[in-house]
Amino acid sequence: MQKIKLNNGVEMPLLGLGVFQIADLDQCEQTVLTAIKSGYRLIDTASFYLNESAVGNAIKKSGVVREELFVTTKLWVQDSGYQKTKTAFERSLKELQLEYLDLYLIHQALGDYYGSWRAMEDLYKDGKIRAIGISNFFSDRVVDLIAHNEIVPAVNQIEINPFYQRADEHELLKKNNILTQSWASFAEGKNDFFNNEVISSIGRKHNRSVAQITLRWLIQRGIAVIPKSVRKERMLENYSVWDFELSKDDMDAIATLDTGNSVFFDHRDPETAEWLTKLTF
Ligand code: NAP
């Protein structure tokens, strides 16, 4: 498993397992346990996913030493603000049954996320989190957060897939030494993703699946990935992307699939902001 050095020197696996939309806790625990036994070392959850406790159980049962694992969770909008963030952090740590977090992300650029960031800076300085970052921040919000705070985020986790490639935003993050991490690398299967002809034809050339070509395309762009699957054979498939390389022509062909738009929704749409703000748990 290749690792990448974050801007504070902490090493993070380039590929991990995402556990969004695995609401059944037994299934989530089994999925994470299977992933860890299959070699996965990074697990990406969030307080909003309501499955941190299952992730924690699986980590305990796996028998893998804590230092070998990289655990990410996220702070939801309802917990934004300095004090609420500290409380939410402790709650997540307890659910995960951990002593420290590897990466803590602000899930959305909504609410008092400046207060949240300062709480996260303090938790980081106290040694309770190894790296802090953001998610779903557009370039203007990234620049503003950097300009008005002490610590530059280590990671920005954003939607990136062949239909929404975000080349300029990725460049800006790179320029600021922030690692881009892709969510919904497979567009959650939307737009008939797994049968896409352009990616399938590249796959036939390399004898690889659409999923593998896509993960490889992201990794070659310097983007970290966290594909979600509850099935062991797919976890293994998604994990096997280190022993082949896409050519410039392959990369250029995938570049033509960009629509410039999210497959899901635009975070900057006022209706989306209102909807996300009302989502509480
Ligand atoms: P995704 O990884 O694009 O797609 C997951 C879907 O693809 C599932 O339906 C899965 O089905 C299927 N799949 C996985 N591997 C496959 C393969 N090799 N062949 C065919 N189908 C395959 O979507 P995502 O779960 O939304 O994104 C990944 C992770 O990113 C999440 O789990 C979460 O951790 C994170 N995320 C973050 C945010 C954010 O706002 N920060 C938002 C969304 C997601 P099976 O499970 O049945 O295999």
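A: Let's begin with the lining of the largest pocket: strand 9 (179–183), helix 9 and helix 11 (270–278) each give at least two residues to it. A pocket is an open set of points on a 1 Å grid over the protein atoms alone, with protein on both sides within 12 Å along at least five of seven lines; a cavity is a set where a 1.4 Å probe fits but cannot get out, and lining residues have an atom within 4 Å of a point. This is a predicted model, in which local features need pLDDT of at least 70 and side-chain atom pairs count only at pLDDT 80 or more, while totals for chains, interfaces and linings use all residues. Residues are numbered from 1 along each chain as its sequence is written, and side-chain values use heavy atoms, leaving out hydrogens and water.

Back to the largest pocket. Its volume (the space filled by probe spheres set on the joined grid points) is about 830 Å³. The lining counts 38 residues, and Phe20, Gln21, Ala184, Glu188 and Lys228 are the ones nearest the centre of the pocket. Helix 9 makes the largest contribution, with three residues. Sorted by class, the lining holds 18 nonpolar, 13 polar and seven charged residues, where Asp, Glu, Lys and Arg count as charged and Gly as polar.

This is also the pocket where the ligand sits, meaning that more than half of its atoms lie within 2 Å of the grid points. Around the ligand there are 27 residues, and Asp44, Ser135, Glu188, Ser229 and Arg234 come nearest; being near takes a heavy atom within 4 Å. The shell divides into 12 nonpolar, eight polar and seven charged residues. Helix 9, spanning residues 232–239, again gives the most, here with three residues.

The side chain of Asp44 has an N or O atom 2.7 Å from a ligand oxygen. A polar backbone atom of Ala184 is 3.1 Å from an oxygen atom of the ligand, and a nitrogen atom of the ligand lies 3.1 Å from a polar side-chain atom of Glu237. On its own the ligand has 900 Å² of accessible area (Shrake-Rupley method, 1.4 Å probe), and the protein covers 89% of that.

The second largest pocket has a volume of about 160 Å³. Among the residues that line it are Gln108, Leu110, Asn136, Phe138, Arg141, His267 and Leu276. Helix 5 (139–147) and helix 11 are the elements giving two or more residues to this lining. Its classes are five nonpolar, three polar and three charged.

The largest cavity holds about 40 Å³ of space. It is lined by Leu75, Trp76, Val77, Ser80, Ile106, His107, Gln108, Leu110, Tyr113 and Ser116, giving six nonpolar, four polar and no charged residues. Gln108 and Leu110 also line the second largest pocket.

The second largest cavity contains about 30 Å³. Its lining includes Phe137, Phe138, Asn156, Glu169 and Leu173. Helix 5, strand 8 (155–159) and helix 6 (167–175) each provide at least two residues, with the largest share, three residues, from helix 6. By class, this lining has six nonpolar, two polar and one charged residue.

Notes:
A polar contact is a pair of N or O atoms within 3.5 Å; within protein, one must be able to donate a hydrogen and the other to accept it, and residues adjacent in sequence count only if both atoms are side-chain atoms. Helices (H or I, at least four residues) and strands (E, at least two) are DSSP runs, numbered from the N terminus.
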